[in-house]
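Subject: Structure handover

Hello,

Here is the structure for you to look over. My notes follow below it.

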Number of protein chains: 2
Amino acid sequence: MPRTAAYAAHTAKAPLQPFTVERREPGSRDVVLDILFCGVCHSDLHQARDEWGNGIFPMVPGHEIVGRVSAVGSEVRRFKPGELAAVGCMVDSCRDCSQCRSGREQFCERGMALTYNGTEMDRKTPTYGGYSSRIVVREEFVLRLPEGLEPSAAAPLLCAGITTYSPLRRFNCKPGDRVGVLGLGGLGHMAVKLAAAMGAEVTMLSSSRAKEADARRLGAHAFELTRDGAAFKKLGGRFDLLVDTISAPHDLNQELGLLRPEGTLVLVGAPPEPTPVSAFSLILANRRLAGSLIGGVAETQEMLDFCGKHRIVSEIELIPIQKINEAYERLVKGDVRYRFVIDLASLEGR
Amino acid sequence: MPRTAAYAAHTAKAPLQPFTVERREPGSRDVVLDILFCGVCHSDLHQARDEWGNGIFPMVPGHEIVGRVSAVGSEVRRFKPGELAAVGCMVDSCRDCSQCRSGREQFCERGMALTYNGTEMDRKTPTYGGYSSRIVVREEFVLRLPEGLEPSAAAPLLCAGITTYSPLRRFNCKPGDRVGVLGLGGLGHMAVKLAAAMGAEVTMLSSSRAKEADARRLGAHAFELTRDGAAFKKLGGRFDLLVDTISAPHDLNQELGLLRPEGTLVLVGAPPEPTPVSAFSLILANRRLAGSLIGGVAETQEMLDFCGKHRIVSEIELIPIQKINEAYERLVKGDVRYRFVIDLASLEGR
């Protein structure tokens, strides 16, 4: 297996720079992907800067991967060379525990193998992500990319897409439901598109009036400015489901008040510090506060198929890999509409 | 309609004393109950002392009412004089909104009529509870008491029973599930009995070793001391469902860590102050934090029928009404196993 060109953070404090990784020789169940595009998730930045701790360096980020199959192992049946395929946040799991068997590989009892900043299931071999020219992944963790989706704009579906699709499905988003989305960024803009495609009446709740036109263009039926406390009063008890994509500290009790009895507020953005929650906010209307982490493999394929059917992709800004450090700076400022995607054709030495 | 003997808090600071209330003449859909027993809920004390604010005085507490039907209106079909019957936390609702129509009268869009410290649906006539000799309630809000349950010990089912039964059902407690109950008091002891009767493997989580023998006698299969932080480590990811009955401040993130992926922690006790909740506690295993408020009328009847079938009642200490102020003092200290019930035969002037 030739050595693979990549970009890596060599240490937590260093900007990303060219790097070379060794990919394994493909086994009988492996798929080799020539990476075409890789989305830039906010978690790439957190991990490359070791803001969550436990970073493994050098680190090649990237878990929103779209590529073309260049080779398959002898026992691979679902993929052929030349086809488009995708890889998300996981590249393996034990495939045997009750969580894996029920399609929740992200909660594998032995711990999933993260696509980067993790290890293979041998718990030794480090994993390197999609800021590279090639990846070798077990067939079970490779996704089919539906026809008709622009591959570059489909890349963010692999994390931002499934992160918002999974809770919408789990909490039974259906035609006529009133769904509110908090925050219009990489996750929020996918939540709006997906909830609207599921038939919900979607309201964008944002602290910035400047987001209104975009929110409506993306499919939101209504827009409410959250900076104005009056919105929380006016909309009290209105929503069946709220998807909160905000990672800055904010008031969850105010949000809970927006839910109808037995409604759910699901967090997919994580403020760094614990947030005070009033038991009364939950008890007085049987409300629920939930969290949601990506999705299982089958569910990710279901999401891609749903997006294929409804022609849903991410809104992206395509960048060459050489602009990744600049893109990170812009990401910190929220200056992206709504996802950077790296064009790996720009990577030298591929 | 003769005037009705009762005990009331005349003001927020006053001990309860004899009082006389006017009950309405029964209408065509009303049931008149001669009250036999009334449970003493912790919320009686909070409201009689106006600790939640908005108390309506004089206040006759009591919403765990068991009595004998003494008269029925001309259109009442489900009850006959001489039968045992019961009344819980509500005596009416609009019976017409989407919540009422879906059997969640406690979330009536116009506001339920609380059994006491509230008003009838005219929003003027104050309601007086079960610390009295007689009550007049619309047929729809009167429950049948199953054969074979000791009426005095069945009284607490009307609040403590439904408060714990409803979330166990809603979160699908079933044979083999691992259910943890936090706190062994009026609510906790009912949660243990009900979850065990539903076939769950029940663990009592308590800060007091002294509760172990009782917990096991009530049906718990295991006991864990929460004062010992090690229990939280040992039991991490173990439970399908946790029912938290603790109203003192405590650490919810520690509890969330006890849940398996997609498990639920449901609050039925309400600490007075908001509690810090970490988004990561919820997100990293798709966990849910929920609240639950009593239950609807049909669900309350279902709970009573379930208790009749499984011979479940509360553990009680029967007191004469003259001991109510002393009982409140003991309640503050947690000195009751596990519910005071007033024997209304003790009430003079009935």
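In which strand of chain B does Ala222(B) lie? Ala222(B) is in strand 12 of chain B. Helices (H or I, at least four residues) and strands (E, at least two) are DSSP runs, numbered from the N terminus.

Ground rules before the rest. This is a predicted model, where local features need pLDDT of at least 70, side-chain atom pairs count only at pLDDT 80 or more, and totals for chains, interfaces and linings use all residues. Residues are numbered from 1 along each chain as its sequence is written, chains are lettered from A and ligands numbered from 1 in the order in which they are written, and side-chain values use heavy atoms, with hydrogens and water left out.

Back to Ala222(B). Its relative accessibility is 22%, so it counts as partly exposed. The classes are buried (under 20% relative accessible area), exposed (over 50%) and partly exposed in between, with a 1.4 Å probe and protein chains only. Ala222(B) touches Val202(B), Thr203(B), Met204(B) and Arg216(B), not counting residues up to four places away in sequence. Contact means heavy atoms within 4.5 Å. Gly180(B) is 42 residues from Ala222(B) in sequence, and the C-alpha to C-alpha separation is 9.2 Å.

Two strands pair if DSSP finds at least two bridges between them.

Some pairings in detail:

- Strand 16 of chain A and strand 16 of chain B are antiparallel, over three bridges. Arg288(A) has Ala290(B) as its bridge partner.
- Strand 14 of chain B runs parallel to strand 16 of chain B, over four bridges. Leu265(B) is opposite Leu289(B).
- Strand 10 (residues 178–182) and strand 11 (residues 201–206) of chain B pair in the parallel sense over five bridges. Leu182(B) is opposite Leu205(B).

Strand 16 of chain B is covered on both faces. Arg288(B) and Ala290(B) are buried on one side, Leu289(B) and Gly291(B) on the other.

Backbone checks

Most residues other than glycine have a negative phi, and most peptide bonds are trans. These residues are worth a look:

- Asn286(A) is not a glycine, yet its phi is positive, about 50 degrees. It sits in the loop between helix 9 (279–283) and strand 16 of chain A.
- At 9% relative accessibility, Ile294(A) is buried.
- Phe57(B) and Pro58(B) are joined by a cis peptide bond, with omega about -5 degrees. Pro58(B) is in the loop between helix 1 (42–48) and strand 4 (65–72) of chain B.
- Arg337(B) and Tyr338(B) are also joined by a cis peptide bond, with omega about -10 degrees.

Regards
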